[in-house]
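Here are my notes on the model you sent over.

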Amino acid sequence: MSMPALFKGRLSIPVIGSPLFIISVPDLVIAQCKAGIVGSFPALNARPAALLDEWLARITEELAAHDRAHPEAPSAPFAVNQIVHRSNNRLEQDLALCEKYKVPMMITSLGAREELNQAAHRWGGIVFHDVINQNHANSAIRKGADGLIAVAAGAGGHAGTISPFAFVAETRNWFDGPIALSGAIANGRAIRAARVLGADFAYIGSAFIATEEANAVEGYKRAIVEGQADGIVYSNLFTGVHGNYLRSSIVAAGLDPDNLPQSDPSKMSFGSGGNQEAKAWRDIWGSGQGIGAIKAVLPAAELIARFAAEYEQAKAELAAKTALTSGNHLAFAAE
């Protein structure tokens, strides 16, 4: 496993906060980065498009000020998510703004473009790409992505169906670069498990919906706190791509979550976030299966501190069990 130089000495725990449509805004990104994890947001969250310039200026300036005031604990880098699907008519404009601010990390989704990767590399950025299978993963690396985000079963929003155990193991058979693992990760023990499986980072989204800085309505945050894995529905109805959503929000929209029709994937649209698309995400709430670990709406920094404490505890417990097992083996060999 490899850790890009961009992250060294700047992370409190090996976590990337995933870009959440509508929900990830500068307040959340800045709080995540100051607390020592990568904060990210979709470029399309900035509307109108000119707002992206303001967001990038604010994030860059506030994190730089934090680093000057806290040289012993610099902020984590931030990332911008670009939807590479052909319907995104803002991609070139948004990419130019990312170049203007030398965005340190790009997260690409729904398509891989060699020219985008090359552009990021020219200004010194790195690119991680969302993948749900090995074909997508191989294509992303061939086109110049630096790292992979394995979106495994149980992840929120657009997600795959492959077990994280199989996904990471198969990817490590041929790729020794950085991997972030997504899928039902919502506590420090799960973050440690991602590392044990062979991933470099845990990729966490749903847990941050229930934070004070998230741009989510109170009903959504409350549903995350009250929800469990069996309240998640996997469907492609809402965007044309399969994803995981809160059952309660589907019912509230007047639909039967057990009898949802299939959408036509050829008509999917993730472009400029038109009214219909925004309405779907506003009313039908994405969520992963790990939300049973989320018990309260907290400031992002407090949630990250909890993750860090749980992560260190899990490391200590694993070390103790390893030592105990080794001792038992030695005792057995001496008999």
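The points below start with the whole chain and then move to individual spots.

1. **Overall build.** Keep in mind that this is a predicted model. Its secondary structure comes to 11 helices and 11 strands. The radius of gyration is 20 Å, close to the 20 Å that the globule rule gives for 335 residues, so the protein is as compact as a globular protein of that length. Along the principal axes, the C-alpha atoms fill a box of roughly 70 × 50 × 40 Å.

2. Of the 335 residues, 51% are buried. The accessible surface comes to about 14,700 Å², and carbon and sulfur atoms hold 54% of that area. Looking at contacts with a separation of 6 or more, 66% are between residues 24 or more positions apart.

3. Three strands form an open sheet in the order E7-E11-E10, with antiparallel pairing. The edges are E7 (157-158) and E10 (232-235), each of which pairs on one side only. Two bridges join E7 to E11 (residues 243-246). If you want a spot to look at, His-158 stands opposite Gly-243 in E11.

4. Which residues of H5 (residues 134-142) are buried? They are Gln-134, Ala-137, Ser-139 and Ala-140. The cover over these buried residues includes helix H4 (114-122) and strand E5 (126-131), along with strand E6 (147-151) and helix H6 (164-172).

5. **Aromatic pairs.** I'd have a look at the rings, as the structure holds eight aromatic pairs. One of them is Phe-41 with Trp-55, an edge-to-face pair at 5.5 Å centre to centre, with 70 degrees between the planes. This pair links distant parts of the chain: Phe-41 sits in strand E2 (residues 39-42) and Trp-55 in helix H2 (residues 51-69), 14 residues apart. Both Phe-41 and Trp-55 are buried. Elsewhere, ring pairs link Phe-7, Phe-128 and Phe-201 into a cluster.

6. **Arg-90.** This arginine is in the loop between strand E3 (78-83) and helix H3 (91-100). Buried or exposed? Arg-90 has 7% relative accessibility, and the cut-off for buried is under 20%, so Arg-90 counts as buried. Its side chain reaches the backbone oxygen of Ala-43 at 3.0 Å. Leaving aside neighbours within four places in sequence, Arg-90 is in contact with Ala-43, Leu-44, Ala-46, Arg-47, Ala-49 and Leu-52.

7. **Ala-50.** Another loop residue to check is Ala-50, found between E2 and H2. With a relative accessible area of 54%, Ala-50 is exposed, because the threshold for that class is over 50%. Ala-50 and Asp-94 are 44 residues apart in sequence, yet their C-alpha atoms are 9.1 Å apart in space.

Note on methods
Residues are numbered from 1 along each chain as its sequence is written. This is a predicted model: local features need pLDDT of at least 70, side-chain atom pairs count only at pLDDT 80 or more; totals for chains, interfaces and linings use all residues. Side-chain values use heavy atoms; hydrogens and water are left out. Buried means under 20% relative accessible area, exposed over 50%, partly exposed in between (1.4 Å probe, protein chains only). Helices (H or I, at least four residues) and strands (E, at least two) are DSSP runs, numbered from the N terminus. Contact means heavy atoms within 4.5 Å. Two strands pair if DSSP finds at least two bridges between them. Rings of Phe, Tyr and Trp (its six-membered ring) pair if their centres lie within 6.5 Å; planes under 30 degrees apart count as stacked, over 60 as edge-to-face and the rest as tilted. A polar contact is a pair of N or O atoms within 3.5 Å; within protein, one must be able to donate a hydrogen and the other to accept it, and residues adjacent in sequence count only if both atoms are side-chain atoms. The radius of gyration is taken over C-alpha atoms; the globule rule is 2.2 Å times the number of residues to the power 0.38. Accessible areas come from the Shrake-Rupley method with a 1.4 Å probe; for residues, only the protein chains shown count as cover.
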